[in-house]
Amino acid sequence: MTAKRKIRVGMIGYKFMGKAHSHAYRDLPFYFDPEAEPVMQAIAGRDEEGVRSAAEKMGWASYETDWRRLIERDDIDLIDICTPNNAHVEIAIAAAEAGKHILCEKPLAMNVEQASRMLDAVNKAGVTNMICHNYRFVPAIRYVKQLIDDGRLGTIYHMRGTYLQDWIMDPNFPLVWRLRKEVCGSGTHGDLMAHSIDLARYLVGEFTEVNGMMHTFIKERPLGEMSGGLNAQVQSDRTGEVDVDDAVAFLARFEGGALGVFEASRFGKGNRNGNRFEINGSKGSVRWDMENMNNLEVYLEEDEKGLQGFRTINCTEEVHPYTGNYWPAGHIIGYEHTFINLLHEMMSGIAQNKSTTPNFEDGYRNQLVLEAVERSSESRQWVQIPSKGE
Ligand code: SOE
């Protein structure tokens, strides 16, 4: 038997997403038989004490305090970018030039210009690249994709997507990096709407035009930073201006003729991670809600008349993508498993030297939509999205 190829990972950043990715690297070989096996080689972070203890706790073999060192090391094959958004472009281009495969957190970049340079860099280097839109890897969503591709929902007419959270509603919640344009590029838009845009592109297709509005409810906040995960601490009695959106909504048209209505907000009181959508086709509809992620509501016109109606399916049967790798039917999986499923695809991509989706091209096209909504909100006009190859 030939030994399995090892992919030595160097991860940059180790907070919320770093924790989710670390867990996935560790558990991937436990549930799957990946074509290549990740090795948790090193993590990087600026605070030596913090990065050392994160490496120990999460099971990384070594650490660096400068991400550039990680890229120079020839015992690293894959760079995993879990940093705030403003660092993505420099790290990704350096990693591609060094011939490393790349996994990058979303949104891909701060704007289209950066995203386009990142895409050029990975294409030129020929490295496997992925963007971490983990919700694509929920079994119920994979199943929706199959239903649509098999024509079971017919022609798609509508997609309604909402992504609502409520963790910044307290006016004393500090001006953390996720609320500062120079670090994150945009607020709720790049953080939450980027996920809805990705699900829409995955399930319905490319956007052609958008008309949006963006709004900031609380314009001044005390200075402070994340203390790990999404927790934050006020660090001073001084305040600063919030220069990103708290909420965003837009109307859209898709290439296939469908209409879209999307809304994302961090002011959706009571919604902790309310990522939801409904899709209506000529022959059926589906509804999905991340807070109940294993379930899918399905309506099929082909059902006998008296039994027609939305039914709730628990997507944990062996036929539902990925679930056979975990538990027997009915034994549900969770948020963390979406990252394991994504890494499984990434490892196959590297082993087969092919592009896996969602990749930097998807990140770039997502950024085109994000930026078009921003422009539309400023100009109060519809904005067109260039089609592929334009
Ligand atoms: C925080 O708003 C956040 O963690 C996002 O950054 C993630 O992308 C989303 O999946 C959950 O919420």
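**Entry 1**

I looked up Ile79 and found that, leaving out residues up to four places away in sequence, it touches Gly10, Ile12, Leu70, Ile71, Ile91, Ala95, Lys100 and Ile102. A contact here requires C-beta atoms, placed from the backbone, within 7 Å of each other. A residue is buried if 20 or more other C-beta atoms lie within 10 Å of its own, exposed if 12 or fewer, and partly exposed in between.

I recorded that this is a predicted model, in which local features need pLDDT of at least 70, side-chain atom pairs count only at pLDDT 80 or more, and totals for chains, interfaces and linings use all residues. Residues are numbered from 1 along each chain as its sequence is written.

**Entry 1: The whole chain**

I counted 10 helices and 17 strands in the protein. The radius of gyration is 21 Å, close to the 21 Å that the globule rule gives for 390 residues, so the protein is as compact as a globular protein of that length. The radius is taken over C-alpha atoms, and the rule is 2.2 Å times the number of residues to the power 0.38. Helices (H or I, at least four residues) and strands (E, at least two) are DSSP runs numbered from the N terminus. The C-alpha trace spans about 65 × 60 × 40 Å along its principal axes. Of the 390 residues, 47% count as buried. Among contacts between residues at least 6 apart in sequence, 70% join residues at least 24 apart.

**Entry 2: The sheet around E4**

I traced an open sheet of six strands in the order E3-E2-E1-E4-E5-E6, with parallel pairing. Its edge strands are E3 (62-64) and E6, each pairing on one side only. The twist averages 25 degrees from one strand to the next; angles run from 0 to 180 degrees between N-to-C directions of axes fitted to C-alpha atoms. Strands count as paired if DSSP finds at least two bridges between them.

E1 (residues 5-12) and E4 (residues 78-81) pair in the parallel sense over four bridges. Gly10 stands opposite Ile79 in E4, and the E4 bridge partner of Met11 is Asp80. E4 also runs parallel to E5, joined by four bridges, with Leu78 opposite His101 in E5.

Which residues cover the two faces of E4? Leu78 and Asp80 lie on one side and Ile79 and Ile81 on the other, and all are buried. In a regular strand the side chains alternate between the two faces of the sheet.

H5 (residues 112-125) has 14 residues and reaches 20 Å from first to last C-alpha, close to the expected 20 Å at 1.5 Å a residue. The expected span is 1.5 Å times one less than the number of residues. I listed its buried residues as Val112, Gln114, Ala115, Met118, Leu119, Ala121 and Val122. Their cover includes H4 (88-97), E5 (101-104), E6 and H10 (360-379). Just after H5, Gly126 takes a positive phi of about 70 degrees.

The 18 residues of H9 (residues 335-352) should span 26 Å, and the end C-alpha atoms are 27 Å apart, which agrees. The buried residues of H9 include His337, Asn341 and His344. The buried residues pack against E1, H1 (16-31), E2 (36-44), E5 and E6. Just after H9, Asn353 has a positive phi of about 55 degrees.

Most residues other than glycine have a negative phi, and most peptide bonds are trans. I found a cis bond from Lys106 to Pro107, with omega near -10 degrees; Pro107 is in the loop between E5 and H5. Another cis bond joins Thr357 and Pro358, with omega about 0 degrees; Pro358 lies in the loop between H9 and H10.

Tyr322, not a glycine, has a positive phi of about 75 degrees. Is Tyr322 buried or exposed? Tyr322 is buried, with 21 other C-beta atoms within 10 Å. Arg380, also with a positive phi, of about 60 degrees, counts as exposed with 9 C-beta neighbours inside 10 Å.

Val138, in the loop between E6 (129-131) and H6 (139-149), is buried, with 27 other C-beta atoms within 10 Å. Leaving aside neighbours within four places in sequence, Val138 is in contact with Met293 and Thr338.

Technical notes:
Contact = placed C-beta atoms within 7 Å.
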